[in-house]
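Hi everyone, thanks for making time for this.

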Amino acid sequence: MTSAVSTPTDRFDTEVLGLHWIPLTASDEDTAAVLCERLGIDFSRPHDGVWETGDFVYIPVMATYLRGDAVRRETVVFALGGDFVVTAYSAEPFAPFDRAVAEMGRRPALAGSPHGVLYALLRSLTEAAEAVLGHARAESDTLARDMDTTVDGSDRPLEIRDLRTALVRMDAVEDAVTRVRDTQRDLIRAGRRLRAEHGGRTGDLDSAIGDLLADIADVRGRADAEHDRIRYLQHALLLRVEMQHARVVKILALSAALVSLGILALCYLVVLG
């Protein structure tokens, strides 16, 4: 059987891709109605895990990706059948899928089967989530530098003067990393189901799916480590704030005591006078 990954004579053909991949946006009600009537495809079920109806298995993935510097999140549902895969998502353009089309352009044989197309789509979502993780890591590195409280071994005030802004930034980083972890969880499930549905039809694609699962697990592991790191930074910042608050209270108490002593001394001098 021809390899689904490395056939050297294949060339990328959008018509071939169209035979195996149907992108379906939420606004395309006409196409959705046709797919439901002719093939029984129905994406209306709540996205609470993998499910099957008729000849299709439905695989939801919570995609996490960057649009500019903003982290976006969207549920994408794949309906995988023997002849093609239908992808349901909110609207175009959906940047992660541009990566998938580019990969199929480099590896044309992927476009020749629904399993190869789904592999490319899942790969693109993995890379998109990894970019979010890199963005979050850069932000947490900046926060860590801002929170460095020693210069030549002596304490100095926090560089982050607006505590509320610092905490909001940390919460945003934690939220982004949590989203990446959720995405990797869904991608692992999707990759395993793809491998099961593919059933080893072509050795090259089966091997590629195994590599994809390893990459997904690697991103998940780094996301877990980054999540622990940002939680540590949050704890360190709150501890630093508590220490500074304690110092302020101590200074105020000392000042009050000195003022009281000064008042007593003044009263004593007045009485003596």
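Let's begin with Arg-169: its relative accessibility is 24%, so it counts as partly exposed. Keep in mind that this is a predicted model. What does the Arg-169 side chain meet in a salt bridge? The partner is Glu-139, at 2.8 Å from N to O. Arg-169 sits in helix 5 and Glu-139 in helix 4, so this pair ties together parts 30 residues apart in sequence. Glu-139 is partly exposed too, at 24%.

Now look from helix 5 to helix 6. Arg-231 and Glu-174 form a salt bridge at 3.5 Å, N to O. Arg-231 belongs to helix 6 and Glu-174 to helix 5, 57 residues apart. Is each one buried or exposed? Arg-231, at 45%, is partly exposed, whereas Glu-174 is buried, at 17%.

Asp-224 and Arg-181 give us another salt bridge, at 2.8 Å. Asp-224 is in helix 6 and Arg-181 in helix 5, so parts 43 residues apart in sequence are tied together here. Salt bridges with shared partners also join Arg-73, Asp-182, Arg-185, Asp-186 and Arg-189 into one network. Across the whole structure, the search finds 20 salt bridges.

Last stop, the second largest pocket, with a volume of about 210 Å³. It is lined by 17 residues, and those closest to its centre are Leu-24, Ala-26, Phe-43, Ala-88 and Tyr-89. Helix 2 gives the most to this lining, with three residues. By class, the lining has 10 nonpolar, five polar and two charged residues. Thanks, all!

Note on methods: Residues numbered from 1 in each chain as written. Predicted model: local features only at pLDDT ≥ 70, side-chain atom pairs only at ≥ 80, totals over all residues. Heavy atoms only, no water. 1 Å grid on protein atoms, 1.4 Å probe; cavity = no way out; pocket = protein on both sides within 12 Å on 5 of 7 lines; lining within 4 Å. Points joined across faces, edges and corners; volume = space filled by probe spheres on them. Helix = DSSP H or I, 4+ residues; strand = E, 2+ residues; numbered from the N terminus. Nonpolar A, V, L, I, M, F, W, Y, C, P; charged D, E, K, R; others polar. Salt bridge = Lys/Arg side-chain N within 4 Å of Asp/Glu carboxyl O. Buried < 20%, exposed > 50% of the residue type's maximum accessible area, 1.4 Å probe, protein only.
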